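The following note is meant for a colleague who is looking at this structure for the first time. Please read the points in order, with the model open alongside.

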Amino acid sequence: MRCVVQRVSSASVHVDGLEVGSIDQGLLVFVGFGQEDDETILEPMLNKLLKLRIFADEEGKMKHNVVDVNGKMLLVSQFTLYGSLKKGHRPSFTEACPPEEAQRLYDAFLVKAETACPGKIHSGIFGADMKVSLVNDGPVTLSLEL
């Protein structure tokens, strides 16, 4: 499982011109699943995301997590996180989880996140052509893989 995490002042996702998810301060998380991933990875990744100390304290040091700052998370599925450009100029997605299994894992991840942080989790739509807008705060962008 791979995630690209961005600390944001705001972020939103639109599908067919309609807003399907938006947050103010918090984390925009692009979520991808690989061939070897299963449900055992979901809880450790969620815990990592919730405990990431990337929000500034009064002195401007990264000491707070998304829970500390009462932030939200916008979770967006993105299989292209498993794109490989080792050969040629067109990405290969052979390492990505098949769509049906990836959707099952993504849906389970959303349930776990909502259970851990009721009312704080927003999402895009799996497999949709999404338009993502964000104001990256910092900018702070991190890549996680478990």
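1. With which residue does Arg104 form a salt bridge, and how far apart are the closest N and O atoms? The partner is Glu39, and the closest N and O atoms lie 2.4 Å apart, where a salt bridge is taken as a side-chain nitrogen of Lys or Arg within 4 Å of a carboxyl oxygen of Asp or Glu. This pair links distant parts of the chain, since Arg104 belongs to helix α2 and Glu39 to the loop between β3 and α1 (42-51), 65 residues apart. Arg104 is partly exposed at 38% relative accessibility, and Glu39 is also partly exposed at 38%; buried means under 20% relative accessible area, exposed over 50%, and partly exposed in between, with a 1.4 Å probe and protein chains only.

2. A word on the basis of these values: the model is predicted, so that local features need pLDDT of at least 70 and side-chain atom pairs count only at pLDDT 80 or more, while totals for chains, interfaces and linings use all residues. Residues are numbered from 1 along each chain as its sequence is written, and side-chain values use heavy atoms, with hydrogens and water left out.

3. The structure holds eight salt bridges, and a few others deserve a look. Lys63 forms one with Asp57, the closest N and O atoms being 4.0 Å apart; Lys63 is partly exposed, with a relative accessible area of 42%, whereas Asp57 is buried, at 13%. Asp129 and Lys131 meet through their side chains at 3.4 Å, N to O, and Asp129 is exposed, with a relative accessible area of 55%. Arg2, Glu95 and Glu145 are joined in a network of salt bridges.

4. Turning to the strands, β6 pairs in the parallel sense with β3 over six bridges and with strand β7 (residues 121-123) over three bridges, likewise in the parallel sense; helices (H or I, at least four residues) and strands (E, at least two) are DSSP runs numbered from the N terminus, and two strands pair if DSSP finds at least two bridges between them. Leu74 in β6 stands opposite Leu28, and Leu74 also stands opposite His122 in β7. The chain crosses from β6 through α2 to β7, and this β-α-β crossover is right-handed, which means that, with the strands pointing away from the viewer, the path from the first strand over the helix to the second runs clockwise. β6 is mostly covered, with five of its six residues buried, while His122 is partly exposed, with a relative accessible area of 25%.

5. What volume does the largest pocket have, and what lines that pocket? The space in the largest pocket is about 350 Å³, and of the 21 residues that line the pocket, the closest to its centre are Ser77, Gln78, Phe79, Gly127 and Met130. On a 1 Å grid over the protein atoms alone, a pocket is an open set of points where a 1.4 Å probe fits, with protein on both sides within 12 Å along at least five of seven lines, and lining residues have an atom within 4 Å of a point; grid points are joined across faces, edges and corners, and the volume is the space filled by probe spheres set on the points. At least two lining residues come from each of β3 (26-32), β6 (72-77), α2 (99-116) and β8 (130-145). By class, the lining has 15 nonpolar, five polar and one charged residues, where Ala, Val, Leu, Ile, Met, Phe, Trp, Tyr, Cys and Pro count as nonpolar, Asp, Glu, Lys and Arg as charged, and the others, Gly among them, as polar.

6. Most residues other than glycine have a negative phi, and most peptide bonds are trans. Strand β1 (residues 2-15) and strand β2 (residues 18-23) run antiparallel and are joined by five bridges, and in their hairpin, which has two residues between the strands, Asp16 takes a positive phi near 50 degrees. Asp16 is exposed at 75% relative accessibility. Asn70, in the loop between β5 (62-64) and β6, has a positive phi of about 55 degrees although it is not a glycine, and Asn70 is exposed at 55% relative accessibility. The peptide bond from Gly138 to Pro139 is cis, with omega near -5 degrees, and Pro139 lies in strand β8.
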